[in-house]
Amino acid sequence: MARRVLGQNGSAMLTDLGKCTRLVFVSNIDTWAIFVNMPSMSDSKTDILDAAMRVFTRYGLKKTTMKDIAEEAGVARQTVYNAFSNKDVLLCDLIRHAGIQIEEQTRAEWAKGGTLTAKLNVFFEIALVQPYLIMTASPEVETLEESLSAAGHQAMSEVDEIKQALLLELFADHAEVLAGHDLSVEQMAEWVRITCVGYKSQAKTEAQLRQLLSVVSHMVELVCTK
């Protein structure tokens, strides 16, 4: 799959991480296919990642063991270790792959067309609301970020770069209008991303998050409409 990252000039570049082979997205947190059916890897690795997502959500990152993941996946513990050298490597791969799924599904939905507001709302649903539902299903939701290693935080940063690249692309056609407000495409994309990440971390309920995102969507529409 290809991972989109930002260059120094804010443009999108691609670094090779393989190719996403299939895409599954559901809104029901209990059905657990979510968007972890992953990129260019064996079915056994995909099954392990699916199992890991379920177990991480059930027990939290700290309490989950490789044995728990193996039992959930229905494989030997050594099989899990053969695929992922340790729990942190598995988690980081899961985060990165989820980021690729966000990009792939967002692009697939955008390809259907729609207004700027409609496309922004698609981005919000895939990149913010659905991850929020996964996070809040975890017993560690209050300390989730503290549970991540340095590598885990780096993986999260890479996902943020993917989101930033998507927003840059979304606002690129509105550069002239933004310039009329003394704003650049890069500034608008960064404001939306940082604001919405803050809302996702602070929202107490899904309803509150959706309400906050609707304000951002309305503000963007006002700024980007001639």
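**Exercise 1.** How are α5 and α10 oriented relative to each other?

*Solution.* The model is a predicted one.

Step 1. Helix α5 covers residues 116-136 and helix α10 covers residues 206-224; their axes lie 10 Å apart at an angle of about 155 degrees.

Step 2. Angles over 145 degrees count as roughly antiparallel. α5 and α10 are therefore roughly antiparallel to each other.

Step 3. The handedness of the crossing of α5 and α10 is right-handed.

Step 4. On the α5 side, the contact residues include Leu120, Phe124, Leu128 and Tyr132, and on the α10 side they include Leu209, Leu213, Val216 and Val220. Sorted by class, this contact of α5 with α10 comprises 12 nonpolar, 3 polar and 4 charged residues.

**Exercise 2.** Determine the orientation of α1 relative to α4, and the residues through which they meet.

*Solution.* 

Step 1. Helix α1 (residues 43-59) and helix α4 (residues 87-110) have axes that come within 11 Å and cross at roughly 100 degrees.

Step 2. Because 65 to 115 degrees is the range for roughly perpendicular, α1 is roughly perpendicular to α4.

Step 3. From α1, Ile48, Leu49, Ala52, Met53 and Phe56 take part; they meet Lys87, Leu90, Leu91, Leu94 and His97 of α4. The class count for the contact of α1 with α4 is 8 nonpolar, 1 polar and 1 charged.

**Exercise 3.** Characterise the packing of α1 with α2.

*Solution.* 

Step 1. The axes of α1 and helix α2 (residues 66-73) are 8 Å apart, and the angle is about 120 degrees. This angle makes α1 oblique to α2.

Step 2. The crossing of α1 and α2 is right-handed.

Step 3. Contributors from α1 include Asp47, Ile48, Ala52 and Phe56, while α2 supplies Asp68, Ile69, Glu72 and Ala73. The contact of α1 with α2 holds 8 nonpolar, no polar and 5 charged residues.

**Exercise 4.** Which residues line the largest cavity, and which helix gives the most to the lining?

*Solution.* 

Step 1. The lining consists of Phe123, Leu128, Lys163, Val192, Arg193, Cys196 and Val197.

Step 2. At least two lining residues come from each of α5 and α9 (185-202). α9 gives the most, with 4 residues.

Step 3. By class, the lining of the largest cavity has 5 nonpolar, no polar and 2 charged residues.

Notes: Residues are numbered from 1 along each chain as its sequence is written. This is a predicted model: local features need pLDDT of at least 70, side-chain atom pairs count only at pLDDT 80 or more; totals for chains, interfaces and linings use all residues. Side-chain values use heavy atoms; hydrogens and water are left out. Axes are lines fitted to C-alpha atoms, for helices over the stretch in contact, and angles run from 0 to 180 degrees between N-to-C directions. Angles under 35 degrees count as roughly parallel, over 145 as roughly antiparallel, 65 to 115 as roughly perpendicular and the rest as oblique. A crossing is left-handed if the near helix is turned anticlockwise from the far one by less than a right angle, and right-handed if clockwise. Contact means heavy atoms within 4.5 Å. Ala, Val, Leu, Ile, Met, Phe, Trp, Tyr, Cys and Pro count as nonpolar, Asp, Glu, Lys and Arg as charged, and the others, Gly among them, as polar. On a 1 Å grid over the protein atoms alone, a cavity is a set of points where a 1.4 Å probe fits but cannot get out, and a pocket is an open set with protein on both sides within 12 Å along at least five of seven lines; lining residues have an atom within 4 Å of a point.
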